[in-house]
Amino acid sequence: MSIVKKANDLFRKKNYHEAKKTYILAANMYGERLFEGNVKLCELRIFRDSLLVKEGRGETLHQKLKKMPFVVCEKTKKAEKDLNSGDVNSALKSYREAVVDNPDNFDAIFGLAKVFRFKKDILLVKEVQKKISEAINYSVKKKKKVANEFLEAISIINSEIMSNAIANGVHPLLNKGMKSNREEKEPRKILILTCLWQRYEVADFFLKYFSEMRGLVKDEIDLQLLAIGSEGEVTRNLVEGYGFNYEEHENKPLSQKWEYAIRKSKEYDFDAVVILGSDDIVGSDVLRHYIEQLRKGYLFYGFYDAFVYDVRFQGLLYFGGYGDVASKMPERLGESVGLGRMISRELLEALNFSIWKDIAVNSSLDSYMKKRLIDEFMLYPIHEGVSHIAPELGGFKVGQIGGFFEENSLFSLGTKSDVNITDFQRFRSADIANEKKLVEIDEFLKNNMTPSSYKSLKKMAKVDVSIIVMAHKESIYLDRCIQSAVSQDFSGTFEIILASDSCVDLKKYSDKYNIKFSLSKKIINNTSCAKNLNDAVSIATGDYIKIMAYDDFMPQNSIQLLYDEAISSKASLVYANSYEYWSDNKIIEYKPPRIDISIKQQKEKNIIHGGTIFFSRQDFLLVGGFDDNLIYAEEYDFYFKLLSHGMNFSYLDDFVYYYRRHNEQKGTLSLSKAEKENKQKIVNEIGERYLGLNNIDNEKKPIDVKKPVVFGIATIKERIDSLRETLSSIYNQADIIYVYQNNYKNDNVIDDPKNKIVYVSVRETGFDFGDAGKFYSLSKSGNCYYFSADDDLVYPDDYVSKTVAELNNNVGSIVTYHGKMFKPNAKNYFKDICINFRCLDYESKTLPLHFGGTGVMAFDTSFVELPFNIFEEKNMADVWVGYYAKRIGVKIIHLPHTKGWIKESKNMSTSDKKVTIYETRKLDKQNVKTENVVLEKFFNCVYGEARDNIS
């Protein structure tokens, strides 16, 4: 029995993994029951070692044990005893009962994994995985724990499953003939795989970054890059210009584009592939980290967290992983993010260089990869902190091993923009990240990037002007138009967007000039000019917009002149002189007959040449863009929208535009008599619609009188604990607090020594008003600063003082710290959001909004009246206030604030967060329909139309 002697020697040397394997071999040879006790003892030693402190963490073994979720109960003790005696069925029954009694009994789940050694049933493995997910969800939602606390626990269980599969001879990798030669061959070759699609400035930054990186690490790492594109010579030239490899494949489905990338990688010489999106970068420290993991024999390595940078708003978020404190998907604990997954060549060979096979999807590719690695190859997630217990096969560590960028002090960056698969707003709205201030962002980036990479990133992040070229067909004039835009002599940054209402063929021009392409999704009357413009502005990233018709062109300095005028005058719209161009020999100058603009004067005669206009994108969005129901005069209507909002126009006395005249154009001269009459009718109707709205008082001044501060809160019984926190946070800042209790009555929520709190109950009024209840007592409040608040927020000590100061800076406006801006003529309240500001995050800008969050809202009742009858349906307070404010000509202003200044109540559980009014209405189709109807009415009404008949 030399094999037994070998096992005993290994045990004495504390090599418990190898000792366990050798005892199992002996059991197979001489009988299982003879060595069950030895195997069990090895398992206990392995489990104990797995709890030992990870180097550098500074925790004692006792502290570590106390934190682990393995708690032995009587049923698990019985199961252990049955398992040791060979009564597997009884053990299985007891473990299952223990899990039923306590869904988060990880010790019992670990026991189920051990039973797999004796019952070679793959269904048992699936049962274990299901129980793990249920245990995590139960712990997070019911016991308010953080999923990451269980990362090492599930790693131990997963390791047990894979070890038993190998010992039982059923692990799928056993028949792949895998054998490590790392001792003979030092790993140093990394192949980065990426896929490209549009966003050329982002792709250029990505390629330039890794081109520099290749030079920085060349003495240690042989770095290669393979990019798969779908746009022909444009992307080929871009990639090969940086000395990297390029292959072509259709863009969708994305899963097949990435599958093609994996298959093509087989042709290259590498030790590991690293998968990166074309908007993701990692530092040289990460590349060295990959090499270190390859030396350890890891087949797979990924990261659980990510730093996310918004190139448009220059915001930086830290996503702590699916197991982070505010994760909405704790059941995905242990799954690495898509950024930077490393797969060894040996594993890819075992996978036959195929990951997504016949899957045809455009999203969730990361989850599909994880699922296939588990379902077909039994590679379960293991945290690197306990990777020493991961089973070995042919010298390789088996499992999807992962770690954290932040814990390892490693640099990575995922950049997000308007066309990302996972966009920045989604990260923000999920409340899964810590957002940093601009100063912290710059420090973070500068410390981890080369000066040239940092400069490129900042340049990419800032776009001053978007030039939109409108075209509905190919034309002999289009090249000159685009060339005049491309050749602008401008000191700032600009982008060019070729926008078409119907002609897909025009995309070849965007490829030719390396510019964006926008194809309007809906054709209106076969022209769709307004819709086309709105779609183009929606994807634009510039602070200012310049529109060009496909047959016109600009002098080389036009953008600089217009931009300088807009900045110096702080105008929402700049207009200028133009040339009417018939030929090189016939050019007629046009200068407006006057430079003052008002609604009345515009009604009498439009003096603005539409080709010269240059306007603020933010103000364009605020007024709702162009009316896409109009077939003529959309720019004329747009001027009135801006003027009715009290926005400034500025005249630039320079010639900035060549308006080409030719026989093919669709101007007024080409219209029939009936069409001209119809156009004039539309123009007259537009003017009449806005006439009389020129009385906006932009000179409102604060009334220098001390006013009471009144709060209004709506609440429900289920939130009484969080309401206590809310009331406590505002009590010393308020003079009166009205609390509307929708489904209960309680006149003593907190101590009220100064008799500030007035409780109003549904039992008295007979009506459940939902969130509108926060405005129920507004009519009784008189002349005051009125604050509407939410029952799940905790307000800072300086909330009232800072907000009142801002009310005096924005006289006559409603102010808020939360809200939304929508795309022009938006139709869906939940899907057509353009910009989303959250009160819990860091926000640096003071900007007008379409709809403000009433939970963090305030106004001076001297200037703003909100009659209670505006709330036509409950739980839509944000929508009704926004709609009414627009109709009476009151702006809703978003105010800047730091993250954590306003906080969520600690008494809000994870499940409570999922049943907020917003989430509930979003899932209810009838509610969504109601919001959408009001949204349409919002965009169809005129700003200030009901100012003189406030009810």
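The protein comprises 33 helices and 36 strands, taken as DSSP runs (H or I of at least four residues for helices, E of at least two for strands) and numbered from the N terminus. The model is predicted: local features need pLDDT of at least 70 and side-chain atom pairs pLDDT 80 or more, while totals for chains, interfaces and linings use all residues. Residues are numbered from 1 along each chain as its sequence is written, and side-chain values use heavy atoms, without hydrogens and water.

Of the 951 residues, 59% count as buried (under 20% relative accessible area, 1.4 Å probe, protein chains only). The accessible surface is about 40,500 Å², 48% of it from carbon and sulfur atoms (Shrake-Rupley method, 1.4 Å probe).

Helices α8 (residues 122-141) and α9 (residues 151-167) have axes that come within 11 Å and cross at roughly 180°; axes are lines fitted to C-alpha atoms over the stretch in contact, with angles from 0 to 180 degrees between N-to-C directions. The two helices are therefore roughly antiparallel (angles over 145 degrees). Contact (heavy atoms within 4.5 Å) involves Val 125, Val 128, Gln 129, Ile 132 and Ile 136 of α8 and Ile 154, Ile 157, Asn 158 and Ile 161 of α9.

Strand β30 (residues 819-822) directs Gly 819 and Met 821 one way and Lys 820 and Phe 822 the other, all being buried. Pairing requires at least two DSSP bridges between strands. β30 pairs with β31 (residues 833-837) in the antiparallel sense over 4 bridges, with Ile 835 as the bridge partner of Met 821. β30 is also joined to β33 (residues 851-852), running antiparallel, by 2 bridges; there Lys 820 has Phe 851 as its bridge partner.

Terms used: Angles under 35 degrees count as roughly parallel, over 145 as roughly antiparallel, 65 to 115 as roughly perpendicular and the rest as oblique. Buried means under 20% relative accessible area, exposed over 50%, partly exposed in between (1.4 Å probe, protein chains only).
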